[in-house]
Number of protein chains: 2
Amino acid sequence: MISEIQGNIYRKFLEKFVSFTDEEWAIFLPVLELKKLKKKSFFMEAGKVCQEVGFILQGTVRCYYVKDGTEVTTYFSFENELISSYKSFLTETPSITYVEAMENTELIVFSKKSLQLLLEDSRIKYKMERFGRTVAEYYLCCYDDRVFSFVTQTPEQRYLELLSSRSDILARIPQHYIANYLGITPVSLSRIRSRIMKPHISLLETLQSP
Amino acid sequence: MISEIQGNIYRKFLEKFVSFTDEEWAIFLPVLELKKLKKKSFFMEAGKVCQEVGFILQGTVRCYYVKDGTEVTTYFSFENELISSYKSFLTETPSITYVEAMENTELIVFSKKSLQLLLEDSRIKYKMERFGRTVAEYYLCCYDDRVFSFVTQTPEQRYLELLSSRSDILARIPQHYIANYLGITPVSLSRIRSRIMKPHISLLETLQSP
DNA sequence: CGGAAACGTTAACAAAAGATAATTAATCAG
DNA sequence: CTGATTAATTATCTTTTGTTAACGTTTCCG
């Protein structure tokens, strides 16, 4: 059960994708649940089939994959963003990624079961299809950008672009996770950063030299 | 106007995503058009807004981006696959990629305008939403895999995986396009290939040596 | 508060990738 | 068929990245 305030935040967010009428919202709202995750607890674990899509009211979440015993972070999400192990959720196959709260996190979740019920509820099925379509299209475009950056840019260029487009991410996320996200090692990202800084320092030195 | 045979091929393909009733198909079919592309001609050019989604009846198509005057291939598609500049099509923004026929290609196209009309046609709108949703979900999963491979694998591992999962691609596509697709240079791919081959050769040498 | 763990930086070396160019192989068009 | 493009390989050199390890810093937790 979620509060009216929480529901309204979610409803406003969903406007980006689809508008629910009051009647539709009255059907949709009751299937939503509030979920609280303590820092470092899981929204989703590898090997399980993801049954939910979450909407982050508060907190930060990261997706990662365990490769040879070490974690490789693939994504992060913040307040007012959806989170899921999409492929697992959509295809009902075991997830290969973990989804973990990086801080105490509050989510509105809506389950696969609820989605399936609503997709068969004649009062709202059309709107749910549209909802699913627009959300999937949105994430498709996000993925498209990301693939494009891997194919056409160097790690340094990807970092600079992240720096200019999502400095909020850089500010809140440990650097070694960023490195994973960019497809490089933490050591390499550290070098990229010092490479980028160098020109500024030498400029300062020039100004200071006699 | 497309033939019944062509329409049935498309209809069967679309079953992967959604089943049309005969009545629905009777509405859908007339909006489809046949398009023939000569080798090296464009399905889509950078700078334009993509107005169509194509289904390849015959031929091969590649997506590429022009960076500093050179082409960088990002994707290819074959018979029985959909093709579009998805982000441009979905967001109605200018495409940054070209989509070009690699051989003489025959497509069934369906236009944004037709889609919009059918999305407002009460007889079929529900099915069209579902169609859009399932197609977007499908491609979302494809992109998810591709991003995952960039984050967690080396170029060599990506090549080996492509080799085992899509050898049809490797057989039909010039190698320097494959290199682009993997996010590396053609020279680098050539080295990866020789690296992979080496062990076999030295095995042969071992067998031949006295 | 203090020890342990986690982070970011730096260094040293090995491995791989990019850039360029030369050579060979394959393909295409006349 | 053949000359001309285009593609793929190989070589050389430079740059970047990966790997491992050391070091100082910060953060966390008992």
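Predicted model: local features only at pLDDT ≥ 70, side-chain atom pairs only at ≥ 80, totals over all residues.

Side chains of opposite charge can pair when their charged atoms come close. One such pair joins Glu129(B) to Arg130(A), with the closest N and O atoms 2.8 Å apart. Another salt bridge links Glu129(A) with Arg133(B), and here the closest N and O atoms are 2.6 Å apart. This second pair crosses between the chains, running from helix H5 of chain A to helix H5 (residues 125-152) of chain B. Over all chains, the same rule gives a count of 36 salt bridges.

Residues are numbered from 1 along each chain as its sequence is written, chains are lettered from A and ligands numbered from 1 in the order in which they are written, and side-chain values use heavy atoms, with hydrogens and water left out.

How many residues does each chain bring to the contact? Chain A brings 37 residues and chain B brings 37 residues, where contact means heavy atoms within 4.5 Å. The size of an interface is often given as the accessible area lost when the parts come together. Here the area buried between chain A and chain B is about 3,500 Å², and carbon and sulfur atoms give 72% of it; buried area is the accessible area (1.4 Å probe) that two parts lose on being put together, summed over both. Of the area that chain A buries against chain B, Glu129(A), Leu140(A) and Val151(A) supply 18%, more than any other three residues.

Across this interface the rule also finds 10 residue pairs in polar contact, with both residues at pLDDT 80 or more. A polar contact is a pair of N or O atoms within 3.5 Å; within protein, one must be able to donate a hydrogen and the other to accept it, and residues adjacent in sequence count only if both atoms are side-chain atoms. The side of chain A that touches chain B draws two or more residues from each of strand S4 (61-67), strand S5 (70-77), helix H3 (86-91), helix H5 (125-152) and helix H8 (175-182) of chain A, and H5(A) gives the most, with 20 residues. Helices (H or I, at least four residues) and strands (E, at least two) are DSSP runs, numbered from the N terminus.

How are the two chains related by rotation? Chain A is superposed on chain B by a rotation of 180 degrees with 0.0 Å of shift along its axis (RMSD 0.0 Å), using least squares on the C-alpha atoms of residues with pLDDT of at least 70 in both copies. The two copies are therefore related as by a two-fold rotation axis. Among the residues of chain A, Arg133(A) comes closest to the rotation axis, with its C-alpha at 1.8 Å. Because 100% of the interface residues of chain A are also interface residues in chain B, the copies meet through the same surface.

DNA strand C is surrounded by 18 residues, of which the closest are Gln175(A), His176(A), Thr185(B), Arg191(B) and Arg195(B); a residue is near a strand if one of its heavy atoms lies within 4 Å of it. A polar side-chain atom of Gln175(A) lies 2.4 Å from a phosphate oxygen of DNA strand C, and for Thr185(B) the corresponding distance is 3.0 Å.

DNA strand D is likewise surrounded by 18 residues, the closest being Thr185(A), Arg191(A), Arg195(A), Gln175(B) and His176(B). Sugar and phosphate account for 61% of the atoms of DNA strand D that come within 4 Å of the protein.

Key: Salt bridge = Lys/Arg side-chain N within 4 Å of Asp/Glu carboxyl O.
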